[in-house]
Amino acid sequence: MKLEHIEFSKDELQNLFNGKFVSADTEICFKPNDFNQHVKHFSISGVQEKMFAVEDNGILRLAKDGEQSTFIIKPTPINDYLAYRDEMSINEYLTMQIANKIFGIKTAPCALIRLQDKRPALIVKRFDIQNNTNGDFIKLQQEDICSLLGKTAQKDGSDFKYQGSYLDMAKCLKNILPTWHFEIQKFLSIIIFNYLFSNGDAHSKNFSIIRKLDGSITLSPAYDLLCTSLHIKDSDFAMNNGLGTTIHSEYFEKTGHSTAEDFIIFGKECGLTDKQINKIIQPFLLDYIEIETIINNSLLSKKCQKIYLRAYQQRLNFLRRK
């Protein structure tokens, strides 16, 4: 898929660049053969290709060696086995927007840009980089839950980030976060959202904590949200033990698909009250006209729009089952 032109909205300019005008049409070139060479100095979890960029006088460009990047750029993946891979950046942008605008989930600021070859790419503002009072960049300590659980490829095998359950992750957060009772509620919202929008790659490296300058520790903004079923045949949950609860709804026992009851059980095992759980779950059970509008107004092809909407409606139906 190629774009003739693209622009940032006013909100995107504010969220990404503090209101400064920056062009979304870039001369950034992604060369798959040069990819490993370009990123050898960086370490960020995930298997999708990523480039690191800065804003320079209203222009986005790749970060130079030794220069602190402030943005991550995710171009079209090179994996040929992915269906509709040219639309993956648009898929992620759409899903991030729905999470933030419809469900109020705090997400990493992002937008679509156009690369030199006119293909779309996702640009994400790094939430682990902040400015101090002198205008210098400070890197915050970010650690994903996979690392917090002590899982590594060497010790646990190549699928290490998919091992365990979301309950294991919740227990890890409870042990680390002083305000876990509040942060676990945000965690539950993201888990339900990923299920509702068929994100089968929400593994333990796609959840992180951030240690802020004031010493507080919180769950990071949500990132890497997308409808993976658009590109690959995926399971309901990324983690091989799913939610990790020992009790399941009758519908889950019959079909293997979770309902609101399963997330209520999960929330209770995480230590949340009935009132807190119901407040979190109820918005996800509603049928928003706005969601269909956002999907239909997205840059996804008409075929992918239909697949995306159908996947959402199917999961909503599962979630509402008694």
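The following legends describe close-up views of a predicted model.

Local features are reported at pLDDT of at least 70 and side-chain atom pairs only at pLDDT 80 or more, while totals for chains, interfaces and linings use all residues. Residues are numbered from 1 along each chain as its sequence is written, and side-chain values use heavy atoms, with hydrogens and water left out.

**View 1. The five-stranded sheet is open and antiparallel.** The 5 strands follow the order β2-β1-β3-β5-β4; strands (E, at least two residues) and helices (H or I, at least four) are DSSP runs numbered from the N terminus. Two strands pair if DSSP finds at least two bridges between them. The edges are formed by β2 (59–62) and β4 (110–114), each of which pairs on one side only. Neighbouring strands are turned by 40° against each other on average, direction ignored. Strand β1 (residues 51–56) is joined to β2 by 4 bridges, and Val 54 has Arg 61 in β2 as its bridge partner.

View 2. Contact means heavy atoms within 4.5 Å. Axes are lines fitted to C-alpha atoms, for helices over the stretch in contact, and angles run from 0 to 180 degrees between N-to-C directions.

View 3. Most residues other than glycine have a negative phi. Asn 18 counts as exposed at 60% relative accessibility, whereas Tyr 84 counts as partly exposed at 31%. Buried means under 20% relative accessible area, exposed over 50% and partly exposed in between (1.4 Å probe, protein chains only).

**View 4. Buried residues of helix α9 pack against other helices.** In α9 (residues 260–269), Ala 260, Asp 262, Phe 263, Ile 265, Phe 266 and Gly 267 are buried. These residues pack against α6 (166–176), α7 (180–196), α8 (250–255), α10 (274–281) and α12 (302–320). Gly 271, which follows α9, has a positive phi near 100°.

**View 5. A three-stranded open sheet has the order β8-β9-β10.** Pairing in this sheet is antiparallel, and the edge strands are β8 (141–144) and β10 (217–219). The twist averages 25° from one strand to the next. Strand β9 (residues 208–211) pairs with β10 over 3 bridges, and Ile 209 has Leu 219 in β10 as its bridge partner.

**View 6. The largest cavity has a volume of about 70 Å³.** A cavity is a set of points on a 1 Å grid over the protein atoms alone where a 1.4 Å probe fits but cannot get out, and lining residues have an atom within 4 Å of a point. Grid points are joined across faces, edges and corners, and a volume is the space filled by probe spheres set on the points. Of the 14 lining residues, Ile 190, Asn 206, Phe 207, Ala 222 and Tyr 223 lie nearest the centre of the largest cavity.

Notes: On a 1 Å grid over the protein atoms alone, a cavity is a set of points where a 1.4 Å probe fits but cannot get out, and a pocket is an open set with protein on both sides within 12 Å along at least five of seven lines; lining residues have an atom within 4 Å of a point.
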